[in-house]
Amino acid sequence: MSDDAANSFARDLIAKHRVIVAVGSGGVGKTTTSAALATLGAKMGRKVALISIDPAKRLADAMGISLGSTFSKVEFPENLEVSGSVFGAMLDQKAVFDEMVQKWAKSDKVREKIYANSIYQAVSENLGGPLEYMALAKLHAISEDSTFDLIIVDTPPDTHALDFLDRPNALAGFMERGVMTWLIKPFHIAQKLGAGRIIRAGGKMMSGIAAVTGVKMLQMLAEFLILIEDVIKGFSESGKEVVKLLHQKDTSFALVTTAQNSSLRSTKMLAQELQAKNFSLGAVFINRCFPEELLKHIETALNQSSDDTRYSHHDLEILAKKGYSIEANVKSLGPILHAHGFGDVPVGKVSERKENIHTLESLARFADDL
Amino acid sequence: MNFLNNILKRKVILITGKGGIGKTTVAAGLAQYAAAQGKKVCLVESSSRDQLSPLFGVDAVGHNLSELQKNIFAINLKPAENFRDFVTIHLGFAKLFERVFTKAIVQSFIKMLPGVAELTLLGRLFYFSELEKDQSFDLIIFDGFASGHFLSLLKTPDAVLNSGMVGPIIKETQRVRDFLLDPQRVATVIVTMAEKIVMKEAVDFAVRLEKEVGAGPQAVIVNRCLPSTLDQPSSEIIEDNSLDQNQAWQYLKLRQDMEYAAVKSLSKALSDSQYHSETAVTLMPDIGWVTEPLADNFAETWFAAAKEAH
């Protein structure tokens, strides 16, 4: 599709929504598609916020976005005729974590204690998982800035599908079930008082947990959790707001996939989960499709003989096999979407590109093709 | 195949690389190859949807160790069940688990603890390799996470050990870590493809693995090379304008040129990096499409067509 196909479905998706969340399994081009949607939005005159998680940092380099939690403006060359703007943030775990502590910690003293805590340092810098909270926390923060017309959110590569959307619930569960009140605080006090036995209700359970973790580990964890209790509360509150935001009328999910069997299996599961969680699906992008004209050329070439030994028919046969299989699998997507109540959702095929997306020009071309 | 013989001597193979690069196919291929040699193999993944079992004609096995074919077992490890198995089977606290860890309040607590999912996953890999008595597997193949996620998985033990905590879990973590970082027993394999930028990322990733975890890859697999690239992996790019009558030939030529250049740059980058001069680089042919279930001779054919790059 070209630039002047003004009613292309990607444009339509952007026109109708303020928040677009890209989901899909790993390696399907989700980050690139998010960046392309943001670029397209800017071409349509919008002021766009792009929240991205790009482990490869390649796209960050191309877009000139510095890593971290602050938004920086993407400088498009003039010839690309971008009338709007894109402000991108490449989430860096530690920076966003520190920012959350900055925002929610009760006092300067607590904040400094948290930064100095050894568990905090390990968690904020090294462990996987928290990045998932981060995209949501950042989405909440930026959605409150009404100067942004469009917010595009790239999500973590799916290993556990939409689990990341349940993170706020895990936090809320932690607060609401009274883990702090009934387990952690009594234990902490008992330990402080030097009471050999752990007191009352939480006691039995805490000594049970201690049998597995060791008392020292629990002491450290308890101390850490008490320190960050307010931060967890803040996280949990903003998480709830995000879940609301994700259900708003002007929020839509965009499913990104390829035609590979494994991607389609993940896509089926994601569609199922989106339906179960009552989210709206605005578009499906099938990346790395085989260019139709190329398949025709391959068919022609297969019927030609070549004296050139460097170019084998074997190569062509492999490409043809790929092309036909992709076509067949693309057709199978319709029924999958239909089965989950998404039969009307527009599906766009995006052709494989031999050029890698690593310049703003190539990104803009990709955006035009959406 | 040198690299195959070398890699298959290990007890655990961890497969990683960029998303969508063919990790699962490589994992399944290695399993089939090893099983054909009489090894008892366990394929492990941890994902929302089973990706390994469909390659052997079984829709899903989930968190249940299942024999898919003779000598090929599979399991899709789920975090909550991993924690349970780690505490009950691995650490031997079955009764305690029932009494304490099934309580909602304790589950809410455990869910909040960072790194638990990663630690128990690594613990289970160790368990399948070293402690599992009923099956006694010869080889565990982990169809691992994509690069960034894989790195943080392997960094978790050190993060926990460095936080100053002590206790049974920590003690066990030390044992799991020592095992995973033993290159005689565990090998990491990076899967990549012959595109310059993708390869540069793979080399950067290899260096980070070595620097930050101490587990640099023992092999790099360059997946999806054109068969004709494999036939002449060392040939120079020839300027040739006679092929412009059909775009299919042009496409092939472009891809060949690109692949030659990329493979060349990979070998150079690896030998330049002080860490990976010894890493084996193997080029694997593009097979166009992975047909499910895999044919019985899939791995044999595929690996027979592979070439070592120098």
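How many residues does the contact take from chain B, and how many from chain A? In this predicted model, the contact takes 64 residues from chain A and 69 residues from chain B. On the side of chain B that touches chain A, the largest share comes from helix 7 of chain B, residues 147–161, with nine residues. By class, that side of chain B comprises 35 nonpolar, 23 polar and eleven charged residues.

I turn now to the domains of chain A. Domain 1 of chain A is made up of 9–162 + 247–290 + 329–369, and domain 2 of chain A of 173–231. Taken over C-alpha atoms, the centres of domain 1 and domain 2 of chain A are 38 Å apart. Their contact takes seven residues from domain 2 of chain A and eleven residues from domain 1 of chain A. Helix 4, helix 5 (108–116) and helix 6 (118–125) of chain A each give two or more residues to the side of domain 1 that touches domain 2. That side of domain 1 of chain A has eight nonpolar residues, one polar residue and two charged residues.

Let us look at helix 4 of chain A in detail. This helix has twelve residues, 93–104, and reaches 17 Å from its first C-alpha to its last, close to the 16 Å expected at 1.5 Å a residue. Which residues of helix 4 of chain A are buried? They are Q93(A), V96(A), F97(A), M100(A), V101(A) and W104(A). These residues lie on the same side of helix 4 of chain A, because they cover an arc of only 140° around the axis. In general, residues three or four places apart point the same way, because an α-helix has 3.6 residues a turn.

Technical notes
Residues numbered from 1 in each chain as written. Chains lettered and ligands numbered in written order. Predicted model: local features only at pLDDT ≥ 70, side-chain atom pairs only at ≥ 80, totals over all residues. Helix = DSSP H or I, 4+ residues; strand = E, 2+ residues; numbered from the N terminus. Expected span 1.5 Å × (residues − 1). Buried ≥ 20, exposed ≤ 12 C-beta atoms within 10 Å, placed from the backbone. Arc of directions from axis to C-beta. Contact = placed C-beta atoms within 7 Å. Nonpolar A, V, L, I, M, F, W, Y, C, P; charged D, E, K, R; others polar. Domains from an automatic or database assignment.
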